Structures are given as C-alpha cells and as structure tokens.
Amino acid sequence: LLIVVGAFMLVAGGFAVKWTIDNDIFVQTEDGWTLNQEEAGERFQRGFRDTFEGFGDLSGFSDGRMSVGAARKLLSVQAGASDEEITRAFRKMSIQWHPDKYKGDPKEAQDMQTQLNEAREVLSRKKRNGPSRDVEQEVREEKAEARRAREE
C-alpha cells in the first residue's frame, strides 16, 4: 500500500511541476528557476473566486486581468515567444475578428477584439517587466555586502 501511495504522490508531483512550468508559475532565468509572483497571484485569485463564488460579493478581490497562460492560448503563441511573434499573432487574429470582416455577430467580434487587445497587453507587460524579482536573494546580497563592509 505504501508503494502505491508513494508512486501516486510521485506521479501527482510530476504533473504539478509540469503544470506550474506550462502556466508560467515558475520561469527559468539566467540565475535558475524563479517564482512568477504576478501569475501565481492571478491564478490564486481566480481559484479563490471560483471556489468561494457563492459566499457573497468578491468584486473587490481581483482586478480581473487576463492571465499570461490565457493570453498565450488566445493568441496561439508559445511560452517565450518574441515580441514579433506576439505582434504577428495579434494582427492575424485581429484581422480575422475585425467587426467589418467577421461574418457572425458584430458584438461577438467586438468582444473578441477587446480580449485580443488585453492578451497583447498582458504579454507585452510580461516582456516589459521581465521575470519576477527574487527579493530574498537581493536581501541576502545586501546583507553579505554590509557584512563585507563591516569587516573592512
């Protein structure tokens, strides 16, 4: 029984790690793997809202922004896509869903245009801001620098 439970935990852990990497919860930088605090926070808020939806007004809990994973999925770009790839995908989808060219409901096309703009903004913000800072590492470096200064 312990072997079965252990194997299950190992497999579940592997899927959890893959999910966190696929959804940009952890991102690889030059210094190793770091927590993407913005994406993790957004996912936590969505999970909290989905779980406790029936317990009253939660409107002040989230800012309602699209997650990086949802933006990538909407624009059909891979993690780490260049700015040019993001722009190309946005333009292609924007032309396809333009209200004057879309054959379906104009309101649907307008809503999709809004989502496409938000997706481009989210991915551009990610590129602008870069990976999340490792505040703990910065504090350790400052302490080490202060220690070296005292020793001199």
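Colleague: Leaving aside its neighbours within four places in sequence, which residues is Thr20 in contact with?

Modeller: In this predicted model, the place of Thr20 is in helix α1, which covers residues 2-22. Once neighbours within four places in sequence are left aside, the contacts of Thr20 are with Ile25 and Phe26.

Colleague: Does Thr20 count as buried or exposed?

Modeller: The cut-off for a buried residue is under 20% relative accessible area. Thr20 has a relative accessibility of 17%, and therefore counts as buried.

Colleague: How many Å apart in space are Thr20 and Leu35, C-alpha to C-alpha?

Modeller: In sequence, Thr20 and Leu35 are 15 residues apart. In space, their C-alpha to C-alpha separation is 9.5 Å.

Colleague: Which residues of helix α3 are buried?

Modeller: Helix α3 spans residues 68-75 and is mostly covered, since six of its eight residues are buried. Those buried in α3 are Val68, Gly69, Ala71, Arg72, Leu74 and Leu75.

Colleague: Which residues does Arg72 touch, not counting residues up to four places away in sequence?

Modeller: Arg72 lies in helix α3, and with a relative accessible area of 11% it is buried. Not counting residues up to four places away in sequence, Arg72 touches Asp22, Asp24, Val77, Gln78, Ala79 and Leu123.

Colleague: Over the face of which residue does Arg120 lie?

Modeller: Arg120 is placed at 4.0 Å from the ring centre of the residue in question. The face over which Arg120 lies is that of Phe90.

Colleague: Which residues make the nonpolar surface patch of about 500 Å²?

Modeller: One of the residues of this patch is Leu1, which is found in the segment before α1 and, at 83% relative accessibility, counts as exposed. The nonpolar surface patch is made by Leu1, Val5, Phe8 and Met9.

How values were computed:
Residues numbered from 1 in each chain as written. Predicted model: local features only at pLDDT ≥ 70, side-chain atom pairs only at ≥ 80, totals over all residues. Heavy atoms only, no water. Helix = DSSP H or I, 4+ residues; strand = E, 2+ residues; numbered from the N terminus. Buried < 20%, exposed > 50% of the residue type's maximum accessible area, 1.4 Å probe, protein only. Contact = heavy atoms within 4.5 Å. Lys NZ or Arg CZ within 6 Å of the ring centre and 35° of its normal. Patch = residues over 30% accessible without salt bridge, like charges linked within 9 Å, V, L, I, M, F, W, Y side chains within 5 Å. Areas by Shrake-Rupley, 256 points an atom, 1.4 Å probe, with all protein chains shown as cover. Salt bridge = Lys/Arg side-chain N within 4 Å of Asp/Glu carboxyl O.
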